[in-house]
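Please find below a note on the model under review.

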Amino acid sequence: MKNLFLFICLSVITLTNSSYALGNINKHKKTNEHFPLQTFPPANAGLKLPTGFSATIIADNLGRARHLAVTKNGIIYVKLEKLKDGKGIIKLTNIGADGKAMNQSGFGNYVGTGLCIKGNYLYASSDEDIYRYALNDQSEVIDPDKPEKIITGLVNRHEHNSKSIVLDNNGNVYVNIGAYSNSCQVQDRTIGSPGQIPCPILDSAGGIWRFRADKLNQHYDDGIRYATGLRNVVGLDWNNINNQLFVMQHGRDQLSQLYPNLYDKKQNAELPAEAMYALKKGDDAGWPYIYYDQLQKKKILSPEYGGDGNKTGGEGTIDPVITFPGHLAPNGLLFYTGKMFPARYSNGAFVAFHGSWNRAPEKQKGYFVVFVPFKNGKPVGTWEIFADNFAGTDDIDSPKQAKHRPCGLAQGPDGALYISDDVKGTIYRITYNGKP
């Protein structure tokens, strides 16, 4: 009887750990059948990951950690949204046997989100300017107190103000300039206020601008508006397979709050899509005049411009390459080019979802990192949740309840995946030890 009791208990535990229910929004979990999700103990960061993967916290309590970059020598640079001890960039070095960074220092007296490494430079952004720092042979910043300012005077109206950045392979830097508006109404986020035609915000925001990476003190006139009609892009990356810029757009908010006669609360929670776009010079994604409805799989005319939730619009604008449920807030995008993970991850995209606020009375969702399989530079199949449980609970009514919120993504020289959290400033390192 004692052995029978032990067998039953172990069976219940096994079944409990293997049943990972995420609700309707996480129906895509079924695509993770190759690597079933499992719950790691707190010693492995408490994340839910596919079998064979493990997580380590290499740094904690850094502050509002946003984007991050890892050098070929394993140095980790982290951009902060709020200064810590007067510094806006944190440098982490000397990862010990326990997986934690043993040395930590800071520089840069400005806040912001954008951070990336290309060639012999570290690039970082404030909410108005873009800087670069020369690196030595050890990938260390040579003169942290004297960065070169390459772009200045970008619009900052304290809404969607992060200036995320990425570089191509031809010496150009691409900068998101988010729209300081929800839907370009005459009076923002006001019931009954019409949309402005044309939307004046698009002259200097609501899109991606391209500048030279080696020219100092550039202004708007020195760059080009590479793509427009993008409400806000925080996660972006350069895809080397098809030599193209990919971005994640934050969709608009408050459909049912502003138009209760057209949308119910369930529709408000799900719409519009958070969308991934593959951009070329001159592309228009349609904001604010349209949004993408992932349920109808159509571009829908925005209610501020005469839409009713069904009327289509946006002829001449581009379609997303893949979509996600509304309001999950995609803040990080990374194409995986490492060799550590199994082959199915090669050149696929990881997306860090910061988590929602505009899904009430539905539970807030997101707070996870997903994987999008790619083939020949295009998404194939559907997306799947890769890393979950950053929030520490599935029962979230407000983002303030989340213990952690993933934001930035970076790849280490060995192929490990790094994830930043901007609640407590936790930096996670994800590795794979299973069989490919």
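The points below concern the strands, the nonpolar cores and the backbone geometry of the loops.

1. Basis. This is a predicted model, in which local features need pLDDT of at least 70, side-chain atom pairs count only at pLDDT 80 or more, and totals for chains, interfaces and linings use all residues. Numbering starts from 1 along each chain as its sequence is written, and side-chain values use heavy atoms, with hydrogens and water left out.

2. Four strands form an open sheet in the order 8-9-10-11, with antiparallel pairing; strands are DSSP runs of E of at least two residues, helices are runs of H or I of at least four, and both are numbered from the N terminus. Two strands pair if DSSP finds at least two bridges between them. Strand 8 (115-118) and strand 11 (148-151) each have a single partner strand, so one side of each lacks a neighbour in the sheet. Strand 10 (residues 130-134) is joined to strand 11 by three bridges, and R132 has E148 in strand 11 as its bridge partner.

3. Strand 13. Is this strand buried or exposed? Six of the six residues of strand 13 (residues 172-177) are buried, that is, under 20% relative accessible area, against over 50% for exposed and partly exposed in between (1.4 Å probe, protein chains only). N172, Y174 and N176 cover one side, and V173, V175 and I177 the other; all are buried. Strand 13 pairs with strand 14 (residues 207-212) in the antiparallel sense over six bridges, one partner pair being N172 and R212. Three bridges join strand 13 to strand 12 (residues 165-167), also antiparallel. In the hairpin of strands 12 and 13, G171 takes a positive phi near 85°.

4. Nonpolar cores. A core is a set of buried Ala, Val, Leu, Ile, Met, Phe, Trp, Tyr and Cys residues joined through side-chain atoms within 4.5 Å. The largest has 38 residues, and those with the most contacts inside it include F341, F386 and I430. A second, separate core of 26 residues includes I150, I165, A179 and C199.

5. Cis peptide bonds. The bond from L271 to P272 is cis, with omega near -10°, and that from A360 to P361 is cis with omega near 5°. P272 lies in the loop between helix 3 (265-270) and strand 18 (274-279).

6. Positive phi. D85 has phi near 55° and counts as exposed at 75% relative accessibility. Q254 has phi near 60° and counts as buried at 15%.
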